[in-house]
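Subject: Structure for you to look at, with notes

Dear colleague,

Here is the structure I said I would pass on, and my notes on it come after. Please read them with the structure open beside you.

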Amino acid sequence: MKSLLIFFLLFPQLLLSQIQITNHVKSDTEYFPIVQKKSAVNIYIDENDLTLVQKSASLLANDLDRVSGIKPNLISGGDQLNGNLIIVGSIGKNNLIDKLIAENKLDVSSITDKWERFIIQTIEKPFANVPQALVIVGSDRRGTAYGVFTLSKNIGVSPWYYWADVPIKKNKELYIKKGRFLSNPPSVKYRGIFLNDEDWGLHPWASKKLDPKLNDIGPNTYEKIFELVLRLKGNMLAPAMHECTKAFFTVPGNMEMANNYGIIISTAHCEPLLYNNASEWDKKKQGEWNYATNKEEIIRVLDNRVKQACNNDNIYTIALRGMHDEGMKADSEEQKFKLLAEAVKDQRAILSKHIDKPLTEVPQIFVPYKEVLSIYEQGLDLPEDITIVWPDDNYGYIKKLSDKKEQKRKGGSGIYYHISYLGWPNDYLWLNTTPPALMYEELNKAYSLGADKYWLVNVGDIKPGELGMQLFLDMAWNIDEFNFENINQYQVKLLTDIFGNQYTTDISYILNRYYYHGFTRKPEYMTWDFRWNSLFSRDSIKDTDFSFANYNEAEKRLRDYNSISKKAKTILESLPIEYQPSFFELVYYPVKGSSLYNHEMLIAQKNRWYADQQRSLTNSLAIDVKNYKDSLALLTQHYNSLLSGKWNGMMTAPGFLPEEQLPPTKQIELPNTSEIGIYVEGQKSDMIDQLQIPQFSKYFQSSYFFEIYNKGRKPFTWKAELSDDWIRLSSTNGEIITQERINVSIDWNSVPTGQSVNGEILITSGKINEKLIVSVFNPESPTIRELSNLFVENNGVISISPADFNRKNENGSIHFQVIEGLGYSNSSLQLGHAKFDDGAESHVDYDFYSFSSGSATIFIYSLPIFAKDKEHSIRYGIQLDELDYITQSNDVKEYSMNWANNVIRNSAIDTVKVFLDKPGRHTLKLFAEDPGVIIQKVIIDLGGLKESYIGPASSKIE
């Protein structure tokens, strides 16, 4: 109940919803009966209304049948009106609705001539022999459809009933509370998805399941996709366009299906005027796709395409690139500029030739993707009415947004975003791990800077990116519904609405950990940094930077994945059987798949590490690696076999998915004897003179470990002798077959006071004696209370979570925004919103305490975002105490190695050298300079920082 209350506080619109559906009423005076006493009200449509409206009414009848088992009749103008009615139609297209408007029984002034608006309203005695009516009226055909699907969703039909197998909520009777619901205007005008990289999922699945006669993606597949897009209040689709798929406009029935569903067809950045050269252009017959040498043929095919498609709703991409996703063919940068400027004029001339309306009324987009951005920034004369669609860098970070001058353009701007990508430096086609907080930060930034005309998201195969796709389209429909306080709970609410509020706590935890670990390192990137440098080369797989030696980093990662996998499995097994496929697709497979693949790669890394130490467990780990790989294959096979093989082929992607390749492991020969080995936490090598446990500090009271392991086949016994009784071990003797971990802690009530209190652990096994040094930092002062709320040095390191600042000084419009659920600390700090430039001397302060002085290195981890426009950079300021102010910048060039490293690890890392003049209390300040910079972690290395990926956890004393 407490969790449910939190949801209503975060999403008040859900509590105060104006559409209320119930399955029983004591009195029907307040409710309109939709299905009652085994009878459903008729649905009235005008036979002259548009095809989409009639299709939507038919789908509503189907939805009511799915819910109640009773299918309403569809009636039209020639039928006798009698009894209650549901009336579905658009203004000016439905005779009954127009009559109600004329008789002042229905007020539509708030939506007339508006874009995609609707009203759902009950009316008493609208006509003779009609006691009451439920009217769904739209300002246009899609507005009407959105009204219909809003009702469908409220009666229990999820938009994902087909694509994610969300069960229909059954009710024999349905009533809607009488009243009037008015939709808000959509935040973004054009909202849709791009089907991409379909070779290994959508295409093989659709070819066998929905369009087997075509052996391709065709109208049957698109019908299912168009319906999904509409139910999610989208209005646009960029069709699949890889070489394996026939071009959308060449397949009979595709255009007609789009028109039936009112879906606007857009295209990718490399498809000028709806033409897909990846699958349509025949180099042998047509020559090179080269505007400098073959312009006439290129214009001919573009002209034919516009002539073919111009009577449908389209958004025309004005573009000139190479084949598919290649750069433009040209001899120089100057020629590229000239050719692109020429192509813009030529393509607009084609549009004017075939479309009988002013060019300013023809939707056109220009996408400065990859190399096109630099051409545009040279001063390309782009007509005012063309919408600029700003792309991200394929990894979730938008490269540029409209500056003040561009914001005044009549065509406005939009965005092209990715939650799936194939390309350098690495792919992520398997799972959707883009954190909701990152999506909101980037999309809200874009919207605030005027990108409200066109939003397109690359969803790959749709599955398993369902949650990311819905989040994107929901934000495009109503961005005001979201904020940094509720964004991380939004998908939780979507899932608990399906599977039950009793799972709120567990699902919230599962998604939190899933997105955190997927952000720090995507599952697909656990193999190597730069896949395309070494395609299919097993020898290129190297150890990740996740450390088994330091900060328990790799083990914590695997432990978290085990935890959320178990929680997800518990939920899966507790659900009614009809809900299990949906939960498996939406939650369990991504979570368990991530866990298995992380285990496969990290245990292989551990195997290689153990082999270097000659541990007897080495060969066993190699077997585990194979088992993890096989388990992932079985998990994927189970996905494909769900519901009698409904999704067979969707989760199969040879060559680009993790199950393709087994990481290298090592086998060692073990002697038929026993030999003791000892490893101490943090130890770099077993070839050292002295074994020393990391120093214990009274300010943290952590425990550390050492491991006793066998280098042979025969077991041995061991025992430990302690020099002092304040040293505590989890075990003091035993028999070792393979290995045992012993935790070391300190009895803080009996350990002596001192800067360096030393003790020893003597490990004895037969004639072997090994000494482990124990060092304790237990000074008399300062006390723990005196260091409360300070970041404190521990083993030569101070670790700072940026959101946990001590003070802030905000000037002008600067607001320091804490972003939970994002970054290496799982919370980040935005140094002012990207929209605002003012606010000089705005800073946040972090008070820390060091026990040493001298040279230190500060590592600042920030999100690898881009400057919002060419007038800005990615600068922030840093100052230690009263030392010199230092400006840092992360304005890296896309496709540079710096950029590639940054996007693979989702972090730009700056280093600053400083000098601490004395031990004691200090203050680190971070200043806002350029708008929108996001800091995710800060580490001050006083000489003790060890190799790892994330680094130590926050060292703040609470």
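The notes below cover a helix pair, a residue within that pair, a further helix and the aromatic rings.

This is a predicted model, in which local features need pLDDT of at least 70 and side-chain atom pairs count only at pLDDT 80 or more, whereas totals for chains, interfaces and linings use all residues. Residues are numbered from 1 along each chain as its sequence is written, and side-chain values use heavy atoms, with hydrogens and water left out.

Helix 3 (residues 51-68) packs on helix 5 (residues 141-155) at an angle of about 5°, with 9 Å between the axes; helices here are DSSP runs of H or I with at least four residues, and strands are runs of E with at least two, both numbered from the N terminus. The axes are lines fitted to C-alpha atoms over the stretch in contact, with angles running from 0 to 180 degrees between N-to-C directions. Helix 3 and helix 5 are therefore roughly parallel to each other (an angle under 35 degrees).

Leaving aside neighbours within four places in sequence, T150 is in contact with I19, F118, I120 and K233; from T150 to K233 the C-alpha to C-alpha distance is 9.1 Å, although they are 83 residues apart in sequence.

Helix 16 (residues 487-499) is mostly covered, with ten of its 13 residues buried, including Y490, K493 and F499. Just after helix 16, G500 takes a positive phi of about 120°.

Turning to the rings, a search of the whole structure finds 49 aromatic pairs, counted for Phe, Tyr and Trp (its six-membered ring) when the centres lie within 6.5 Å, with planes under 30 degrees apart called stacked, over 60 edge-to-face and the rest tilted. In one of them, Y679 and F705 have ring centres 6.5 Å apart and planes at 45°, so the pair is tilted. Y679 lies in strand 19 (residues 676-680) and F705 in strand 22 (residues 704-710), so the pair ties together parts that are 26 residues apart in sequence. Both Y679 and F705 are buried.

The charged end of R741 sits over the ring of F705, 3.7 Å from its centre (CZ of Arg or NZ of Lys within 6 Å of the ring centre and within 35 degrees of the ring normal). Likewise, the charged end of K522 sits over the ring of Y428, 4.3 Å from its centre, and Y428 belongs to one aromatic cluster with Y395, Y421, W424, Y895 and W899.

With best wishes

Terms used: Buried < 20%, exposed > 50% of the residue type's maximum accessible area, 1.4 Å probe, protein only. Parallel < 35°, antiparallel > 145°, perpendicular 65-115°, else oblique. Contact = heavy atoms within 4.5 Å.
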